[in-house]
4 protein chains.
Amino acid sequence: MSVLQYTEVSSLASDKIHVLGRMGRQRQPLPIFFNGGGVEVVVTGSEFWIDVETDSDFHEMWIALEINGAFISRQMLLPGEHSLCLFRSMDPTVAKRVRFYRELQAMGDDVKVKLLIKGFKHDGEFQSVPKYERKLEFIGDSITSGEGSYGAFDDVDWIPMYMSASANYATMTSKALNADYHLISQGGWGVFTGWDNDVRHNLPSVYEKVCGLAPGEMNKELGAAEEYDFASWQPDAIIVNLGTNDVTSFNQPEFVNPDDGKTYKMRLNSDGTRNREDELKIVDAIVGFLTMLRKHNPNAQIVWCYGMLGSDLNLVITEGINKYKEKAGDEKISFFQLPDTTMDTYGSHMHPGVKSHQNASKELVHYLRIKLGWAD
Amino acid sequence: MSVLQYTEVSSLASDKIHVLGRMGRQRQPLPIFFNGGGVEVVVTGSEFWIDVETDSDFHEMWIALEINGAFISRQMLLPGEHSLCLFRSMDPTVAKRVRFYRELQAMGDDVKVKLLIKGFKHDGEFQSVPKYERKLEFIGDSITSGEGSYGAFDDVDWIPMYMSASANYATMTSKALNADYHLISQGGWGVFTGWDNDVRHNLPSVYEKVCGLAPGEMNKELGAAEEYDFASWQPDAIIVNLGTNDVTSFNQPEFVNPDDGKTYKMRLNSDGTRNREDELKIVDAIVGFLTMLRKHNPNAQIVWCYGMLGSDLNLVITEGINKYKEKAGDEKISFFQLPDTTMDTYGSHMHPGVKSHQNASKELVHYLRIKLGWAD
Amino acid sequence: MSVLQYTEVSSLASDKIHVLGRMGRQRQPLPIFFNGGGVEVVVTGSEFWIDVETDSDFHEMWIALEINGAFISRQMLLPGEHSLCLFRSMDPTVAKRVRFYRELQAMGDDVKVKLLIKGFKHDGEFQSVPKYERKLEFIGDSITSGEGSYGAFDDVDWIPMYMSASANYATMTSKALNADYHLISQGGWGVFTGWDNDVRHNLPSVYEKVCGLAPGEMNKELGAAEEYDFASWQPDAIIVNLGTNDVTSFNQPEFVNPDDGKTYKMRLNSDGTRNREDELKIVDAIVGFLTMLRKHNPNAQIVWCYGMLGSDLNLVITEGINKYKEKAGDEKISFFQLPDTTMDTYGSHMHPGVKSHQNASKELVHYLRIKLGWAD
Amino acid sequence: MSVLQYTEVSSLASDKIHVLGRMGRQRQPLPIFFNGGGVEVVVTGSEFWIDVETDSDFHEMWIALEINGAFISRQMLLPGEHSLCLFRSMDPTVAKRVRFYRELQAMGDDVKVKLLIKGFKHDGEFQSVPKYERKLEFIGDSITSGEGSYGAFDDVDWIPMYMSASANYATMTSKALNADYHLISQGGWGVFTGWDNDVRHNLPSVYEKVCGLAPGEMNKELGAAEEYDFASWQPDAIIVNLGTNDVTSFNQPEFVNPDDGKTYKMRLNSDGTRNREDELKIVDAIVGFLTMLRKHNPNAQIVWCYGMLGSDLNLVITEGINKYKEKAGDEKISFFQLPDTTMDTYGSHMHPGVKSHQNASKELVHYLRIKLGWAD
């Protein structure tokens, strides 16, 4: 083994490191807020290490590793400083493309959760990371957080182990299209309300911050609470995959919001159909969210995707899209249904498994190629 | 070979023959107007023949044969009387379920096209045909007419040989759900206009007749032009698969309607988007058609399916559905996107091939099971 | 419709017609002895007919049609003269490649079975048929006769309807490799004995005749009984798919051969294993058959394929091959196991269905490409 | 988090822990010599840790984790003591089935490589591990060591990262059959010679030791060099997957064996065929190895599997099997070809990828079910 050299993240020229996922301003150490977030480098040498710091209370960090585009490793990281060997004993003259990324979504209910990337130990040289041709932003719920993409069919614990970016339609789609991607998602959240009628749990409320999903002082210090600089990264397409929790809320008990003391409940009519007033709340939230997305992303194709856990909200979602479209005169917006998860394709706790993510990705890649004129 | 006995269609008790597809009043000979239409019997004996009469000018009849649910034969039938042997040399004691059906859609532009079933020659006994548990009606265009489901990728002739009910998502779906089905479809037609801006080519205009797609005196005499008796067959679900030609019309030249001498054209704006007034014609046609469907089918779940050749009209279709839904207060209506056809799944002349039909059927079967509470 | 011209088979120049399958000397009318046998032409014009004559007693003829490589039609032909329209109403300027072929194996137990091709009616011109790059010969039993490739799982009648060349690994393999092919097979036969211990039913005994499987005076007159002119068609590879019936015979009752009055039985030992002497009969038959094949095909790669209905005879077959190889010093011989048929891939009467044939073909194509150095 | 209790491996009752893979006599700490080796427990509690010790020089240890049968994690372990959290924050009342196993084969060329399992930290109770119904032993080369089952297509380094038991036909097969399994394999080795003509690299030479593949003093102390107690674990079936390296040796340069100073080379004839004398060395090695296997496993079905990287040695292998069979009068031996790896199914450095392992496992499971009468 040759002598290892240490290089801080911040000392790498911008073409020598690609940061995956939405960033704030802090570069050293580099905070990784979202699943799918991480770093990518191309490096020669026989051996390569990454130095990271993690913290958490009950929801520990999970990370994954890819080398030359192939999945290599996935593991839990408990709180502490970690120096992880990403490869060793390899041909030192050959450059390896290394992607190290967070499996765990931004964790709203564990304020201690963090992943900081500090630097690399290496005996080779960093080379330029090839530029991605395209940019995609995914906004979603547990599906986009990869919940249930790992784990056995009967497993029902709600824990980081079962969430991922590695077995995730968003990652698969971005890879197939050679696209850089951002992934902003939260299990249980909706476009208007969370699955449990907690109306605070809607993605629009956090979209404009660097990571509005990460609360608390520590995250604030890392820059999570700042306004996100949308100009820094303009996606070609935004894929919104929301609605699954909004529709669930109609079948859940009422929720007393501790913030205002009020009771919230999406209501069903006596015949089992959805209360029209409550449907319109979703419609309006969609109009509002699309308006917000367009404001910050003036040129992106916006694609509302939905259907991996049922398509019951199709007409409500399209009502919202159509209302926005009419109002805004915006034609760069479309609706695309994703294939449903079936008994053959479930992962754990009745969420899409890897096969369902593969199915969804296959359809979405085909759709985006045509919609955006992206030939192979 | 034992001596064959001849039995007319009309002399079979109603439980001994199942007629597939929409029927008028005439039973002897039995006219078969639509693809997927035909007869089904369960019969013992070593040998079984069917007597049919066909006519056509340039669009000849095609028929297919299934025995015990398995595809056996498919052939062209030129004009004339045909006595076709459907099986022979079989174990005479075993009952065979025989399904003989039309591959060719109702052929609007060839007034001579007909298929009449007259009777059967047999050396066994007719048994009761097991009842189907469910009923499905499919209303569509070339996709539902199975255009391109046979033929090589490069084939572009518009001829009966390439159309089918045998390699057709509607047939596959009905089989998978053990459902009887009606199939009302016409290549090139839409819900508002045909692909070539011929506004006469819309399914709503013919839906209320026995077979409004079959013109001319001969078909009139067979009962095609009569009002259809909707009470005679009420489907559990209606699958409307229309829109593909409506959206194509925007990119086609104007059409001079010989009936009124007027010029018709669905217009594009100068930026390539669709003219809003013209979109609204489709929206209104959808509202009107759904109103008509509901009038005649008060209890059916109506599912608008779309997407096997692109999903560009998703938002226009759902706008129409939502408008109807709001107006009618009708909750038994939904929208379901079908998987797009890809380079791997095309049949001939850029229409869905058998793999695309299989993909669509798989998704649709899953959807209908859940939507209608149909456990396996 | 333009006026049709009649052209006899024999009046077509040799480059204008490709005869599929082993031929004797007679060209007018052209006898088709084997499944997969038939004619292939490339013809312009709007319309095309074939004139054939068939005969049979209880095992009627079945034929299939492909246009431009795509399956179009499959039907029964009862005894008589038939003028069959293969296409019509097509673009007259475009050339179509038409393949018309026999679905039914040579039928040893129905001496009346015949298929004669007489000529064509057409309004276009015959063009040269592109040459196939490669030549394959398949020698087999019911599997290669496509038994069970059509029909429902529970169907057990032994009738032509369930046999095919259209859903057959040999046809699929030849197509994938752009190979001309001969197919010599008989259901129930083996390399040493038939499934029922009828030792007369072995392929080697008929291999050297044009069609030793077709008995009787009529077939004799058609040339079936003549010595086959092996020099006329030398395959690049011979695929022998035999053994399935030989191994079955051990579990069947003894058979009294009416030709010699003797009793035949492949014996099991008391512990259920196979009698070694009887195994050696198969071994010796393999040695003999391989010697015969090599004599007539000095340059062909010989591949013994086996396994689509179990692989119990693997060691006996390879013993035979090794014995032959040692004796003959022949290195152009190999053994290749085909994937077994499973509950998912059965067709009718426990024979390989179309999926099993596809699986087998996929493996075999891969193998032959490598073995024969056939790049794509 | 509740207080964690520590339990040594050796203090668990035998029904409370299942040791995967071949064991010697040492239980505390428990040495794991082979890939696929490890421990399996069923444990309640919210949290569970394993304490292990590893060592290595340039070939570091890799391990994998399954919970309730689902793949969860895979990671590198550098030399040292490791306390790894296998799960946490889970429902404490629910029992989890945990399988922790070695990904890396026994590493002959790195004498420091070791994996010792010491104990567990837990806040729940150990329950009985359900007994496996069946026992399988796999003996193989790099394929069975899972070489290339991870990694990108172009990766060619020979390092532990690319080897596995987690993406391995042997593991998949055992799971599908609910079988306990032993896996004895070494990349580059054969039944007679290694791929590079190093004749010392043959599996028979190490089969009778606990782990003859693990050299050196340290392994000796751990019990690797002891005679294996075959009576302790008698498999229902032994799958030998050898031959791929023996056949490669013919195309490799000669090898000077440092042990005896002699030169070794499997020779090709001038026409490119294999030298017969050298083929017979493989034949004899097979006879010898089968004799050895039978001696130690009197009742096992022995299945020689081969073909995942070509089937060129089919006839040599079967010659060996037949010779052994004749000599030993042993009928519980069979040959089964596995599906070849294709461009679609390669993993890294031209070895079978996960799809190829899945294909092989599917065929093998089907075969073993029938051969051993194992109904589902």
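# Briefing: chain contacts, a sheet and a helix crossing

Copies are superposed by least squares on the C-alpha atoms of residues with pLDDT of at least 70 in both. This is a predicted model, in which local features need pLDDT of at least 70, side-chain atom pairs count only at pLDDT 80 or more, and totals for chains, interfaces and linings use all residues. Residues are numbered from 1 along each chain as its sequence is written, while chains are lettered from A and ligands numbered from 1 in the order in which they are written.

**Chain D with chain A**

- The same surface serves both copies, as 100% of the contact residues of chain D recur in chain A.
- Here 26 residues of chain D are in contact with 27 residues of chain A; contact puts the C-beta atoms, placed from the backbone, within 7 Å.
- Strands S7 (70–77) and S8 (80–87) of chain D each supply at least two residues of this side. Helices (H or I, at least four residues) and strands (E, at least two) are DSSP runs, numbered from the N terminus.
- S7(D) gives the largest share, six residues.
- By class, the side of chain D has 13 nonpolar, six polar and seven charged residues. Ala, Val, Leu, Ile, Met, Phe, Trp, Tyr, Cys and Pro count as nonpolar, Asp, Glu, Lys and Arg as charged, and the others, Gly among them, as polar.

**Chain C with chain D**

- Chain C can be laid on chain D by a turn of 180° and a shift of 0.0 Å along the axis, with an RMSD of 0.0 Å. That is the relation of a two-fold axis.
- Again the same surface serves both copies: 100% of the contact residues of chain C recur in chain D.
- In this pair, 20 residues of chain C are in contact with 20 residues of chain D.
- Helix H5 (314–328), strand S18 (333–337) and helix H6 (354–371) of chain C each supply at least two residues of the side that touches chain D.
- H5(C) provides the largest share, seven residues.
- The side of chain C divides into six nonpolar, nine polar and five charged residues.

**Pairs that do not touch**

- No contact joins chain A and chain C; their closest C-alpha atoms lie 16 Å apart.
- Chain B and chain D do not touch either, with their nearest C-alpha atoms 16 Å apart.

**A sheet in chain C**

- Five strands form an open sheet with parallel pairing, in the order S13-S12-S14-S17-S18. Two strands pair if DSSP finds at least two bridges between them.
- S13 (179–185) and S18 of chain C stand at the edges, each with a single partner strand, so one side of each is left without a neighbour in the sheet.
- Four bridges join S14(C) (residues 237–241) to S17(C) (residues 301–306). Ile238(C) has Ile302(C) as its bridge partner in S17(C).

**A helix crossing in chain D**

- The axes of H1(D) (residues 169–176) and H6(D) (residues 354–371) come within 8 Å and cross at roughly 40°. Axes are lines fitted to C-alpha atoms, for helices over the stretch in contact, and angles run from 0 to 180 degrees between N-to-C directions.
- The contact has six nonpolar, four polar and no charged residues.

Methods
Contact = placed C-beta atoms within 7 Å.
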